[in-house]
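Here are my notes on the structure, as numbered points. Please keep the sequence and the 3D view open while reading them.

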Amino acid sequence: MTAPAPASVATAHIGRPRIAIIQGFIGSMLMLVGSFGVGWLSLASRELRQVQVIIWLRFEPAGAVLSVILLALGGMLLVRSWLRLGQRLQGWGPETHRTILTAILAWAAPMCFALPLFSRDVFAYIAQGQVMVAGLNPYEDGYSQISNYLQIGADDLWAQSPTPYGPIFLWMEELIVRATGGQPDLSILLFRLLALVGVALCIYYVPRLAELHGVNPHRALWLTVANPLFLTNFVASIHNDSLMVGLAVAGLYFAAKGRYVTSVLLVTLSIGIKPITLIFLPFIGLMWAGRDASWPRKILYWAITAGMSLGILWILGIMNGFGFGWVGALSTPGSVWIWYAPVGFLGMVVAVTGDALGFDGWSWANVVHTIGTLVSLVLITWLIFKGDHAHLVRRLALALTAVVLLAPMIQAWYVVWLIPLFAVTGIRDDWQVKVLYFLVSFFMIYAISDQLDIFPYIELDLGTARQIAAVVGVAFATYLVLLDPRTKTLFRGSRSTDQLPLSR
């Protein structure tokens with residue numbers, strides 16, 4: 001690990017941050033209202049479906065159009081508020097920490113009461129919880145085995161797929177469904193509370209891990225948790241990735257502090273939510289082996305780290321009776337592709353070309369996807385074996401980036417996995433942070449124009465609704481990048497503020 005920066009005073013020149021916080025709160029409130037019209041609502045949510053305002057917003061064309069516009073405006077206003085808050089907190093001294101926490105609270109609070117936005121995964125959690133309650137094996141039996149899964153609101157795309165989640169999250173799903181009787185609205189509330197635990201873990205550990213790397217902790221917190229992509233995916237969308245990331249970041253912090261047993265335990269808990277964080281283990285093993293460790297010592301601590309973690313998971317597998325069934329389910333999210341993923345796009349081109357030539361083009365596409373996976377494995381192996389010991393967390397960030405970038409499907413929350421790891425090791429205020437700005441803007445536009453729950457029997461079809469949202473989002477983003485006198489400067493020029501000295 002790098003040594004902390006030398007103690008000195010970093011003064012924060014705060015330029016009315018309340019304005020940005022209030023604007024972001026307004027944006028989040030607009031998203032809240034918009035969610036009542038086009039957020040995901042279960043057919044089993046009878047009480048909410050009887051609220052007159054929700055009836056008008058969901059089942060009248062004017063209400064649905066208004067909801068789409070409010071959601072789009074709110075999401076993009078939140079992006080602008082985040083950018084402006086960063087501009088108003090120059091210097092990133094200790095006094096900015098409370099301001100950033102206030103912004104996080106103000107922006108996240110309305111989302112806590114919104115209908116699920118941008119994803120239907122939380123309904124799949126409920127359905128999988130019912131699979132567990134029914135005594136079925138979720139690694140073999142999809143939630144299509146549950147008679148009312150369409151009433152719950154779970155996506156039919158994954159109905160016959162094995163769950164890609166670890167044993168700990170399966171127990172959480174079962175516990176929540178047993179506690180609520182499977183009632184969707186109350187179940188959603190409890191799953192959102194779990195997601196907020198992950199958010200709280202990131203609030204606590206991201207600044208501390210950044211400080212251990214000599215990176216300004218307050219700026220790292222702004223880049224990570226105040227980030228609209230983080231808040232919308234982990235609070236509004238209720239992804240279990242929130243808890244996965246929070247536990248993993250906490251595990252990295254304890255590894256950096258030399259408390260390796262605690263670190264392995266926390267990362268194993270993270271794996272028990274979603275197994276993708278298995279990739280953390282070899283890097284923690286290298287931290288445990290220490291700087292300038294010999295290869296026999298590295299191999300020994302890799303074995304100890306893997307043995308501890310997999311041993312715990314083996315015990316959990318015995319307890320739930322499913323063993324390591326989650327290993328076979330790891331490929332479930334990768335069974336689809338999307339056009340903006342480089343490998344997904346290349347696969348599509350190959351498939352179309354193959355079909356045009358009279359071959360089975362999609363079998364060719366599968367080969368492309370497999371090659372992408374193999375290349376990512378090669379890069380991960382390289383990053384495990386080569387590189388500076390002081391940059392282990394950065395090497396981990398790059399390894400996880402290889403997993404994400406070379407997959408045929410890239411979801412917005414996959415990008416959020418990466419942000420804390422890069423933020424705590426330093427995102428420079430040059431092209432690096434500009435890439436983040438563009439990613440946040442792109443995925444916000446994509447989210448508000450893709451995942452909309454439009455009632456199919458009104459005079460507004462889903463395609464038109466998406467076009468309205470896309471026009472609003474693209475117009476707002478164009479304004480931010482080219483016209484807004486405040487934010488357009490963020491996408492030009494260069495100045496380094498990431499490694500400002502820390503105040504003690």
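1. A residue is called buried when its relative accessible area is under 20%, exposed when it is over 50%, and partly exposed in between. The model is a predicted one.

2. Start with the pair Arg80 and Asp484. Both of these residues are buried. They form a salt bridge, and their closest N and O atoms are 2.6 Å apart. Arg80 belongs to helix H3 (residues 61-88), while Asp484 sits in the segment after H21, so the pair ties together parts that are 404 residues apart in sequence. In general, side chains of opposite charge can pair when their charged atoms come close.

3. A second salt bridge to look at joins the side chains of Arg58 and Asp453, at 2.6 Å from N to O. Arg58 is in helix H2 (residues 52-59) and Asp453 is in the loop between helix H20 (431-448) and helix H21 (462-483), so this pair links parts that are 395 residues apart in sequence. Arg58 has a relative accessible area of 4% and is therefore buried. Asp453 has 16% relative accessibility, so Asp453 counts as buried too.

4. Glu174 and Arg178 also meet through their side chains in a salt bridge, at 3.0 Å from N to O. What separates these two residues along helix H7 (residues 167-180)? They are four residues apart in that helix, which means about one helical turn. Glu174 counts as buried because its relative accessibility is 15%. The count of salt bridges in the model comes to seven.

5. Next, the backbone. Most residues other than glycine have a negative phi, and most peptide bonds are trans. Trp92 is not a glycine, yet has a positive phi of about 55 degrees. Trp92 is placed in the loop between strand S2 (89-90) and helix H4 (96-111). With a relative accessible area of 3%, Trp92 is buried.

6. Asp292 is also not a glycine and has a positive phi, of about 60 degrees. Asp292 lies in the loop between helix H13 (280-289) and H14. Is Asp292 buried or exposed? Its relative accessibility is 74%, so Asp292 counts as exposed. Trp92, by contrast, is buried.

7. Two packed helices are described by the angle between their axes and the distance between the axes. For helix H9 (residues 217-224) and helix H19 (residues 412-425), the axes come within 9 Å and cross at roughly 165 degrees. An angle over 145 degrees counts as roughly antiparallel, so H9 is roughly antiparallel to H19. The crossing of H9 past H19 is right-handed.

8. Last, the surface. A nonpolar patch is formed there by Leu310, Trp314, Ile315, Ile318, Met319, Phe324 and Val327. Together these residues have about 700 Å² of accessible area. Which helix gives the most to the nonpolar patch? Helix H14 (residues 295-320) does, with five residues. Phe324 is in the loop between H14 and helix H15 (325-328). Phe324 has a relative accessible area of 35%, so this residue is partly exposed.

Conventions: Residues are numbered from 1 along each chain as its sequence is written. This is a predicted model: local features need pLDDT of at least 70, side-chain atom pairs count only at pLDDT 80 or more; totals for chains, interfaces and linings use all residues. Side-chain values use heavy atoms; hydrogens and water are left out. Patches are made of residues with over 30% relative accessible area and no salt bridge: like charges are joined within 9 Å, nonpolar side chains (Val, Leu, Ile, Met, Phe, Trp, Tyr) within 5 Å. Accessible areas come from the Shrake-Rupley method with a 1.4 Å probe; for residues, only the protein chains shown count as cover. A salt bridge is a side-chain nitrogen of Lys or Arg within 4 Å of a carboxyl oxygen of Asp or Glu. Buried means under 20% relative accessible area, exposed over 50%, partly exposed in between (1.4 Å probe, protein chains only). Axes are lines fitted to C-alpha atoms, for helices over the stretch in contact, and angles run from 0 to 180 degrees between N-to-C directions. Angles under 35 degrees count as roughly parallel, over 145 as roughly antiparallel, 65 to 115 as roughly perpendicular and the rest as oblique. A crossing is left-handed if the near helix is turned anticlockwise from the far one by less than a right angle, and right-handed if clockwise.
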